[in-house]
Amino acid sequence: MSNIKIRTVTLSDIDQLQKIGRQTFQETFSESNSEENMKSYLEEGFSKEKLIGELNDENSEFYFATLDDVVIGYLKINFGESQTELKDSKALEIERIYVSKEFHGKSVGQLLYDKAIQIAKQKNVAYIWLGVWEENQRAISFYKKNGFIEFDKHIFKLGNDEQTDIMMKLKLSY
């Protein structure tokens, strides 16, 4: 897997971004949620209009993980006012790290995570934070392994279902 590359997502990648976004969200959460709520979230959360807005936001960045030019995962990070909550100028939010199911356990998520850390250090932020569904034990374990600690909870709406996300953060030391 040493030939996995991380690259910046641009507007010309919109179709690939929409495809990998919908695919990985579906793979991750479809078993635990109603078909109706999944359909609603996938249509709204990954509409071209919404993704174009996010790609045009100077305080948000997307990165693809590719293997032989095939997108196998992606990362979305936010700064400043574009953070979904805290909006702390000294913080970076990891909003999404998703990897195609067939590549789970092959360090793709770690490579995307490492990219987020690299950017956080370049931007000299004090900490990184994120929200992760309380039932997504795989992700919670991943973040704990990387030094994140729980600090709060918030509600995430999937269709008409209110779910609890655990908020986690990692203080950076330079």
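A residue is called buried when its relative accessible area is under 20%, exposed when that area is over 50%, and partly exposed in between. By this rule Gln163, at 7% relative accessibility, counts as buried. The model described here is a predicted one, and the points below move from the chain as a whole to a few of its residues. The chain contains five helices and seven strands, and buried residues account for 47% of its 174 residues.

**The chain as a whole**

- Taken along the principal axes, the box that the C-alpha atoms fill is roughly 45 × 40 × 30 Å.
- If we take the contacts between residues at least 6 apart in sequence, 62% of these contacts join residues that are at least 24 apart.
- The accessible surface of the chain is about 9300 Å², and carbon and sulfur atoms hold 46% of this surface.

- Gln163 belongs to strand 7, which runs over residues 161–171, and the side chain of Gln163 forms a polar contact of 3.5 Å with the side chain of Trp133.
- When neighbours within four places in sequence are left aside, Gln163 is in contact with Asn33, Trp133, His154, Ile155, Phe156 and Leu158.
- Gln83 is placed in the loop between strand 3 and strand 4, the latter covering residues 91–99, and with a relative accessibility of 1% Gln83 counts as buried because the cut-off for that word is under 20%.
- A polar contact of 2.5 Å links the side chain of Gln83 to the side chain of Trp129.
- Again leaving aside neighbours within four places in sequence, the residues in contact with Gln83 are Asn78, Asp88, Ala91, Leu92, Glu93 and Trp129.

**A lysine and an aspartate brought together**

- Lys48 is part of helix 3, which spans residues 48–56, and its relative accessible area of 34% makes Lys48 partly exposed, since this value falls between the 20% and 50% cut-offs.
- Although Lys48 and Asp15 are 33 residues apart along the chain, their C-alpha atoms are separated by 8.0 Å.
- The side chains of Lys48 and Asp15 are joined by a polar contact of 2.6 Å.
- Not counting residues up to four places away in sequence, Lys48 touches Ile14, Asp15 and Gln18.

**Loop residues with a positive phi**

- Most residues other than glycine have a negative phi, and the next points concern two residues of another kind.
- Asp69, although not a glycine, has a positive phi of about 65°, and Asp69 sits in the loop between strand 2 (60–67) and strand 3 (70–79).
- With a relative accessible area of 71%, Asp69 is exposed.
- Asn124 is likewise not a glycine and has a positive phi of about 60°, and the loop that holds Asn124 lies between helix 4 (108–122) and strand 5 (127–133).
- Asn124 has a relative accessible area of 56%, and it is therefore exposed, the cut-off for this being over 50%.

**Exposed residues and distances across the chain**

- Ser2 is found in the segment before strand 1 (4–8), and at 78% relative accessibility Ser2 counts as exposed.
- From C-alpha to C-alpha, Ser2 and Glu93 are 27 Å apart in space, while 91 residues separate them in sequence.
- Glu44 is located in helix 2, residues 35–45, and at 56% relative accessibility Glu44 counts as exposed.
- Glu44 and Asn3 are 41 residues apart in sequence, and their C-alpha atoms are 33 Å apart in space.

Key: Residues numbered from 1 in each chain as written. Predicted model: local features only at pLDDT ≥ 70, side-chain atom pairs only at ≥ 80, totals over all residues. Heavy atoms only, no water. Helix = DSSP H or I, 4+ residues; strand = E, 2+ residues; numbered from the N terminus. Buried < 20%, exposed > 50% of the residue type's maximum accessible area, 1.4 Å probe, protein only. Contact = heavy atoms within 4.5 Å. Areas by Shrake-Rupley, 256 points an atom, 1.4 Å probe, with all protein chains shown as cover. Polar contact = N/O pair within 3.5 Å; in protein donor to acceptor, adjacent residues only side chain to side chain.
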